[in-house]
Amino acid sequence: MTVTDANGELVVVRSPLRAEHASSTPSTTSFAIPGEPRRSSASIPQAPSPLSQSVSSLGPVAKDDVPPEEPLPETPPHTDTPETPAEAAPAPPAQAILPKANASSNLTRMPHLPPKPRAEEAKHLADFSAMMQAAKQAEKQRVLSSSSERRKRMDEEAQVRPVWDQEILPCWTRAREERKYHDLWWGGIPPSLRGRLWPRACGNNLMLSHNLFAKALAAVQAAQAADQFPASLLNAIKVDMASTLPSLRLFDEQAGPLSQDLTHLLLAYVYVRADEASQREQQSTLDLASLHDLYDLYVPGTAPIAAMLLMNVSPPHALIVLMNLIASKSWLKTLHRLERRQSVDSHSRDAIQEQLQGYERVFSSLLAERMPDIYANLHKMGIRPQDYVRPWIQTMFAPWLEIDTVSRLWDIIMLEQGDAILFRIALAMVSLLEPRLYVRDTEELQSVLHGTNKGAIRVWRRDVYGISDDTSPPQDQIYAQYQMSEKAVFEQLHAQEGWWKDLTLRRLLDRELNQ
């Protein structure tokens, strides 16, 4: 039963027992008092009333009588009633039951949030460790697979090399006419034969002289010696060269073995364009300084194209291929067209922009047909083809993909006539980027398309180079961070054969460019 003591507190007591039972049965409750031996309640003077005896034996002990460090009673008193809230121990504050924050808890939860329970934290850290191990294993497997594919590719090239030497080289046009040779060409030209087949496939419809490079370079060197070559024009060339395939270190200004060849090729290319501008202006003597003020003699993005040629073709032949390649692809030609500057002839520049927008509208139509969700999201976020497709075409994909992938793409660019192959490659690249293009944020989309997404760069550098704090965007092989391999690109291109129609492209081009 519950009673109220002299201090007004509720205590639990047992019912009064008979006197004879109380005298024969000692209380089981005892307390230890400092300085005295423990004794039972029978040795304690008893109050005359049984009720007071029960209260004194079972009631709470004052703090003055029992120090805090004293042990609890050896045997709790037996009661027939449950504990009341007054006897329950007070619950500890909420902060006391949470684990103490430590350095490891910050690995799986932001510092400004409450720390996790230790069991949950340990589980998440174990999951994170397992994920890291799986990522490392996947990267190792990817490297092994890449090496295996490279060896397989070399074996296949050795097997078909007689076909190239005996059947295609004597008459390379058979690759455009016969399916067997066409498929072999799409499989990739052996690297040692590109220097012979690229010039043949590109042709020389401009009827350029084979000594054009030597004449143009001599004229440029004479202008430089006479201090007549514009400094700003030379600086534009150097800036473009500085960002040209830096990971290969072939075109480094200080120690690159092909740096001088690239400089000479670009200078000769500028002089040929200046000569064309001089004829338009009907100058009796070519004046580079005045022509540079009137025309854009150099277009950024030319250096990567020239660099790709120099890795396979000698400088004299590279100049001829460069001029004819730009002239053979109308989309590329529009981007590199020799026209007056905006400040000189705004009408002409507006016409070029309108033509470029026509090509980009055609690309948007194809994208909307094949990937409507991606097209809708990019359009809604204000991302237009000029933001990402134009740089691809202007550089002929050279800085964006791995060098082996670009070389194989150039094999089919040289073989296939017209602009269809450029549209197909661009669509293939968007298809490979598709999982990253559903985000509803303009800046995030732009960073993905431009290859400047810090999250993707950090993961890529950590997995490949073991560096996780470097988020600087790469200047070449930009889409390597997305695992855009040669195999993946050509799988997309081969998948297009089931639906691609050149006639559809021609109709779209006629509609957009001739309206």
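Which residues make a nonpolar surface patch of about 260 Å²? The patch is made by Val-464, Tyr-465 and Ile-467, and the points below place it within the rest of the chain.

1. Basis of the note. This is a predicted model, in which local features need pLDDT of at least 70 and side-chain atom pairs count only at pLDDT 80 or more, while totals for chains, interfaces and linings use all residues. Residues are numbered from 1 along each chain as its sequence is written, and side-chain values use heavy atoms, with hydrogens and water left out.

2. The chain as a whole. The secondary structure comes to 22 helices and 2 strands, where helices (H or I, at least four residues) and strands (E, at least two) are DSSP runs numbered from the N terminus. Of the 515 residues, 38% count as buried; buried means under 20% relative accessible area, exposed means over 50%, and partly exposed lies in between, with a 1.4 Å probe and protein chains only. The accessible surface comes to about 29,000 Å², of which 53% belongs to carbon and sulfur atoms; such areas come from the Shrake-Rupley method with a 1.4 Å probe, and for residues only the protein chains shown count as cover. Among contacts (heavy atoms within 4.5 Å) with a separation of 6 or more, residues 24 or more positions apart account for 70%.

3. The surface patch. Patches are made of residues with over 30% relative accessible area and no salt bridge, like charges being joined within 9 Å and nonpolar side chains (Val, Leu, Ile, Met, Phe, Trp, Tyr) within 5 Å. Val-464, one of the patch residues, lies in helix 20, which covers residues 454-465, and counts as partly exposed because its relative accessibility is 34%.

4. Helix 12. This helix, residues 315-328, has 14 residues and reaches 20 Å from its first C-alpha to its last, close to the 20 Å expected at 1.5 Å a residue; the expected span is 1.5 Å times one less than the number of residues. Helix 12 is mostly covered, with 10 of its 14 residues buried, including Pro-315, Leu-319, Met-323 and Ile-326. Its buried residues pack against several other helices, among them helix 6 (194-202), helix 9 (259-281) and helix 17 (403-415).

5. The side chains of Arg-194 and Asp-411 meet in a salt bridge at 2.9 Å, N to O; a salt bridge is a side-chain nitrogen of Lys or Arg within 4 Å of a carboxyl oxygen of Asp or Glu. Asp-411 lies in helix 17 and Arg-194 in helix 6, so the pair ties together parts that are 217 residues apart in sequence. Both partners are buried, Asp-411 at 0% relative accessibility and Arg-194 with a relative accessible area of 7%.

6. Further salt bridges. By the rule above the count comes to 15 salt bridges. In one of them, the side chains of Glu-486 and Arg-408 meet at 2.9 Å, N to O, and this pair links distant parts of the chain, with Glu-486 in helix 21 and Arg-408 in helix 17, 78 residues apart. Glu-486 is buried, with a relative accessible area of 16%, and Arg-408 counts as buried at 12%. Elsewhere, Glu-354, Arg-361, Arg-511 and Glu-512 are linked in a network of salt bridges; within it, Arg-511 is partly exposed at 45%, whereas Glu-512 is buried at 11%.

7. Around Asn-453. This residue is found in the loop between helix 19 (442-450) and helix 20, and counts as buried at 11% relative accessibility. Its side chain makes a polar contact with the side chain of Glu-444 at 2.9 Å, and the side chain of Ser-447 makes another with that of Asn-453 at 3.1 Å. A polar contact is a pair of N or O atoms within 3.5 Å; within protein, one must be able to donate a hydrogen and the other to accept it, and residues adjacent in sequence count only if both atoms are side-chain atoms. Ser-447 has its place in helix 19 and is buried, with a relative accessible area of 11%.

8. Trp-499. Lying in the loop between helix 21 (486-495) and helix 22 (502-513), Trp-499 is partly exposed, with a relative accessible area of 25%. Leaving aside neighbours within four places in sequence, Trp-499 is in contact with Arg-370 and Leu-427; the C-alpha atoms of Trp-499 and Arg-370, 129 residues apart along the chain, are separated by 9.5 Å.
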